[in-house]
Amino acid sequence: MKEKTAEKILLIISFSAIISLLLITIFIFIQGVPLIFKVGLKNFFSTHWAPTKGYFGILSMIVGSLLVTIGALIIGVPLSLACSIFLAEFAPPPAQKILKPIIELLAGIPSVVYGFIGIVILIPLIRNTLGGSGFSVLSASIILGIMILPTIVSISYDSLVAVPQSYREGSYALGATKWQTVLMVLFPSARSGIIAAIILGMGRAIGETMAVIMIAGNALKIPGSVLDPVRTITSTIALELGYSTGDHRAALFACGTILFIIIVLLNIIAIKVASRE
Amino acid sequence: MAKHPEVKINVQGGGSTAGIQAVFNGTCAIGTSSRNLKPEEQGLHIFTMALDGIAVIVHKSNPIMDLTHDQLKDIFSGRIKNWKEIGGMDKKIIVVTREEGSGTRGAFEELIMQGAVISDACLVQDSNGAIREIIAATPQSIGYISAGLVDERVKAISIDGVYPSVANFVNGEYKFVRPFLLLTKNEPSGIVKSLIEFTLSPEAQKILQHNGLIPVNEINQ
């Protein structure tokens, strides 16, 4: 009897996660989608965003979000993979014991702190060495690249460690060096885990808001170089929601639906890639 | 408050548009706005409680002291891109503006841009404080904030030769001044009326002045 009750309670709890996801999805779509059709797709996917004056083009923000995400991956993925390979294969156990918790601690730093460090250290550095205002695609990419490190490192580390010891032994027995083993045996075997790690990191980067608002400059123009400022979808929502009413508010929810669709598409692609053998 | 200890005042933020909408919807007794009402927002009872100048600010090291109104328009609309075009250093101008929907941006568009469009290439920040921080840290930047919030870390510049000082706001020389409004849906009565009367009283106006705003009684004199 007791066991049955516990089972029921757990079932309800697990359903509550699905229900809240459903409710959020329905709410965002109800609030946002009517506006897209009201103003027309042509207006909505233009680059002119002035919602208080009737222009709802979000193309530059979509491009902005994709640019900083790609930038973050370019900077974050090689670092994270190198880090997880070192931790899983090369690091002596004492180093492993110290390094792994430290990297995981990075995930616990609030994003506003990353943004603050960006403003105080990175932005003046970029402004004084490379020029421009410092508020740029580059600074956002660097900060986001660091922010996605712990996600990618811990998941790809786990999948590298999960590769059976016999694979490594087989590889060494065939005369492969340690590096060849990592590259030709471990990576392919851990591929789906590594791809999942990268996709999760990508999700974190595209959804990050606070740090990006603080360091990306938020200009609406599509950047012409990595030193130009950039506006992402999430920053637009956070910057403008406080002051928005009517169509402007609906437009921000419409931004939310687009973000939602992008993230769902990314996940579908990730699952497909990961499962292709 | 001492006279009416039983009254509770809930203050909610959200910006001018939200304040105006809330009065229309009847969700609040008094709305506030830091810009004039738009044509489609008319029909409310309006009380001007104070005035606030909009100051254009640059980095302290910037040699520019004065810009004409037209130069400002050209800078914010992106037609003037380099400080040397207006007699300054040979550096790109970094323009900082407020986000869509902000009352300060609304007032700036109305008073200074006058129909010209603020360029998409401007950096966007969502508070007076954030703009002041960027201007204080970036030598070639320019932005605008509420005059009451200008401090020693940035430099306010004159427009058409008139410096944004309280004296110039009061004597009407400085044109870029916006009202801080109290709005009610119906003729105020009872407790709402006494709060508005208090805000307009010399006692309250002194407090507003102390916080860098221009009291309305001085303007009326």
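Student: Which helices of chain A come within 10 Å, by their axes?

Tutor: In this predicted model, helix α8 (residues 165-173) of chain A and helix α9 (residues 178-189) of chain A have axes that come within 10 Å and cross at roughly 150 degrees. Axes are lines fitted to C-alpha atoms, for helices over the stretch in contact, with angles from 0 to 180 degrees between N-to-C directions. Helices are DSSP runs (H or I, at least four residues), and strands are E runs of at least two, numbered from the N terminus.

Student: Roughly parallel or antiparallel?

Tutor: That angle makes α8(A) roughly antiparallel to α9(A), a label given to angles over 145 degrees.

Student: And which residues meet?

Tutor: A:Y167, A:R168, A:S171 and A:Y172 in α8(A) meet A:T181, A:V185 and A:S189 in α9(A). Contact requires C-beta atoms, placed from the backbone, within 7 Å.

Student: Turning to chain B, how many helices and strands are there?

Tutor: Chain B has eight helices and 10 strands. Its radius of gyration is 19 Å, close to the 17 Å from the globule rule for 221 residues, so chain B is as compact as a globular protein of that length. The radius is taken over C-alpha atoms, and the rule is 2.2 Å times the number of residues to the power 0.38.

Student: What box do the C-alpha atoms fill?

Tutor: Along the principal axes, the C-alpha atoms of chain B fill roughly 60 × 30 × 25 Å.

Student: How are residues numbered and chains lettered?

Tutor: Residues are numbered from 1 along each chain as its sequence is written, and chains are lettered from A in the order in which they are written. Local features need pLDDT of at least 70, side-chain atom pairs count only at pLDDT 80 or more, and totals for chains, interfaces and linings use all residues.

Key
Parallel < 35°, antiparallel > 145°, perpendicular 65-115°, else oblique. Contact = placed C-beta atoms within 7 Å.
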